[in-house]
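My entries are below, in the order I made them.

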Amino acid sequence: MKIKLNIRQKIFFSVLSASMVLYIIAVGYIVTNSRKTMIDDALLNAQKTATIEAQKIEKDFERNLTVTRTLAQAFSIYKDLPTEQWQNIFKRMYLPVLESNKHVYSIWDSWEFYGYIPNYTKDYGRYSATLWREGGEIISSIEYRSLDGDGEIYGNFKKLNQEDILEPYVDEGDTQAKSELILMTSLLSPIRKDGQYVGLVGFDIGLSRLQEVVSEIEPVPGSYAFLVSTQGLIAAHQNGELINKPLSEVFASDYDAQDLGNIISKGQEHSYFQTTNDGKEHYITFAPIKPGNSFSTWSLALSIPMDVITQRADKSQRVSLLVGAIGLLLLTLILVIVANSVTRPIIRITKSLNRMQQGEISSNLILNLNTGDEFEAMANSLNTSIEALNKKTNFANDIGKGHLESELEILGEKDILGKSLLNMRNSLQKAKEEENKRKTEDKKRVWANEGFAKFADLLRQNNDDLQKLTDEVIAHLVKYVGGNQGALFLVDDEDKNDITLEANSVYAWERKKHIDIKVMMGEGLVGACAFEGETIFLTEIPDNFVTITSGLGKAAPNCIILIPLKHNEHVLGVIEIASFKIFDEFEIEFLEKVAESIAATIATAKVNVKTRMLLEQSQQQTEEMQAQEEEMRQNMEELLATQEEMSRKEKEISWTLEAIGGLANILEYDFRGNITHINTMLCKTSGYTKEELVGQHHSVLFSKGNNIDSEKYKKFWEDMKLQRPSEGTRTYLNKNGKPFVVKANSYPVFKDNGDPIKVVEISVDITEFIDSKG
């Protein structure tokens, strides 16, 4: 059952329902988005806090590294002082530095022996001086270390030759005098001599001061921070029991899943959510610490409990929901008031529209509303529409009576009905004009189609005689378009350096004029038309340019048209027509289309002429080829006899080489030196198989004294290229590297045309003979 509601009820329920839904969605979105924004801002603040605190610790490290760097740079003058002098001076310099930096546990240096001991050749062994605090006093010592090689930590620093912060360690002292156990780290700066590592200056500082700094970092209740070294060792933590423990042990489930080791060592920022064993969620963020030019990177981690962050967001959410509920009540009250003020004028306007729906148009429909709002404007618009409908009704009646000159004033650009009535009147006015125009276009179309058919038949009948074809075409074309004089020019391109256009057919006043006209390509209107490949149409003809003559007199034409004969974008000629009448556009279009068919037929006629000429040449060439074939047969018989003689000689040479191959070494290679053949004797002598040598460069057999860059080797190849045999003693190496001496003769082999083929080397092993003489 469909429930019917009046306009007031519809406005109240529909608008109120839509408003409530939209309002609830908007408030819900704002509240939810506001909560998310607050959480995101809190997480971003946590990241910024971690970065700021990390920068403070980084500056603390940087201050200490600045001192060690300054000392290292100052100590680079040691090479200008005697050894004992600079050792005493530098050691005394440490005392005021240690006294003014109470947080520094010890200062020490290390000097490589090779940096100050002349002629010292080992890359280990060093001198070390140390000052440290113990029992309120400053104690010093001198040691000689790395006498048997550098330790792993020192060796790595020495290899890097770069500032560094060492991993935290529990210092038990480098000597028996140090008795305190302290969690420390060392800040090291290298001493360089001409860029080479020669020693270092180091600070040993306790991490207890950083423990105090880290313990004070608590941006929100329940949060805590901890300091992690490059290799993942906890250097400072609010919980003292976790200090000096690996992060992989404390955060066992997160270490591999979040790739924390790799992130810390590379100095990258990283954040993630962690769920603790008690089910609480924490936000963990890491900020890198990389002081100065230090190779190692530490990180400061900050853990924020999510319940603190969400507690603030939830409170803001509850306040927003309360404000939204109050706003919804106010919206309902306002909607009731507005609905009552809207429905009264609508009822009056609806009554007038219902009367118009029944076809009534009169002054009684005029409304008088003085509400001062859109309803008054709506009533005025309705009144204007009623008046306009009366005028349009009268206008339509006049049009129906045939009074097409009647005028109608439209209400505006959007008065569709008024425009439609005016368009209807204009359409009726143009109907006869278009009908006449249509008949004219049909007449032009019929004229063109009859012309196409006529010339298609004409071209089909004369496509085997070029002269007759052009004569018929120009005569019929001038007559059909109502011209008075015409000429058909064809391109003569037999001489590519002298391309011309010749008047192949000329027509004037229904009789042919035999005149000899020749035009250069690009010369005059005809040459320009052929060169550009575009139609030229002139209506302003200069005096004495051309005349049309008859038995009674002569006169200048009123227009000249030149149409290129193009086939496949290639211009074959030009048609020129002069006329007393000026051609219409449809006649010019007809001439251009017919010109395409004429060009195609002329191209075919030229091909036919050329084909006949080629056929005659082909018959003559066939007779000549038959005579040449008889002569070739005789030559082939002589060639076969010569090949039989060459085959016999090749066999004799092959037998000779086989006989020689049993007594001597035979090696063949091309003119790039690549081996192409080797006989069994040389394989036996060298210890190689044929498969191992074929394709290799023949220098694989050379001894150390024979290399391919020697002058002797270059001279050898010059002789070969000049077709001069080479003879000499050569020393080769067998597969085991043992030399053997041969007496060799090398013969270059060339083709009859002078192209090189290969080098044949025949040699005899004379190693035993040489050894016996030696």
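These are my notes, starting with the ground rules.

**Ground rules.** I'm working from a predicted model, where local features need pLDDT of at least 70, side-chain atom pairs count only at pLDDT 80 or more, and totals for chains, interfaces and linings use all residues. Residues are numbered from 1 along each chain as its sequence is written, and side-chain values use heavy atoms, with hydrogens and water left out.

**Sheet with β24.** I looked up the strand order and found an open sheet of 5 strands, β23-β22-β26-β25-β24, with antiparallel pairing. The edge strands are β23 (675-678) and β24, each pairing on one side only. Neighbouring strands are turned by 30 degrees against each other on average, direction ignored. Helix α17 (residues 711-721) packs on this sheet and touches β22, β24, β25 and β26, with its direction at about 30 degrees to that of β25. For the terms: helices (H or I, at least four residues) and strands (E, at least two) are DSSP runs numbered from the N terminus. Strands pair if DSSP finds at least two bridges between them. Contact means heavy atoms within 4.5 Å. Axes are lines fitted to C-alpha atoms, for helices over the stretch in contact, and angles run from 0 to 180 degrees between N-to-C directions.

**The hairpin.** I then followed β24 into β25 (residues 739-750): the two run antiparallel and are joined by 8 bridges. They form a hairpin with 5 residues between them, and G737 in the turn has a positive phi of about 85 degrees. L733 has P739 as its bridge partner. On β24 (residues 726-733), S726, G728, R730 and Y732 make up the covered face, while E727, T729, T731 and L733 make up the uncovered one. I remind myself that side chains in a regular strand alternate between the two faces of the sheet.

**Aromatics.** I counted 26 aromatic pairs in the structure; rings of Phe, Tyr and Trp (its six-membered ring) pair if their centres lie within 6.5 Å, with planes under 30 degrees apart called stacked, over 60 edge-to-face and the rest tilted. F113 and Y120 have ring centres 5.5 Å apart and planes at 85 degrees, so I logged them as edge-to-face. Buried means under 20% relative accessible area, exposed over 50%, partly exposed in between (1.4 Å probe, protein chains only). Y732 and F740 belong to one aromatic cluster that also includes Y669, W717 and F750.

**S186.** I found S186 in strand β6 (residues 182-193), buried at 2% relative accessible area. Its side chain makes a polar contact with the side chain of D204 at 2.6 Å; that term means a pair of N or O atoms within 3.5 Å where, within protein, one must be able to donate a hydrogen and the other to accept it, and residues adjacent in sequence count only if both atoms are side-chain atoms.

**Helix α10.** Among the buried residues of α10 are F375, L382, I386 and I399. Just after α10, G402 takes a positive phi of about 95 degrees.
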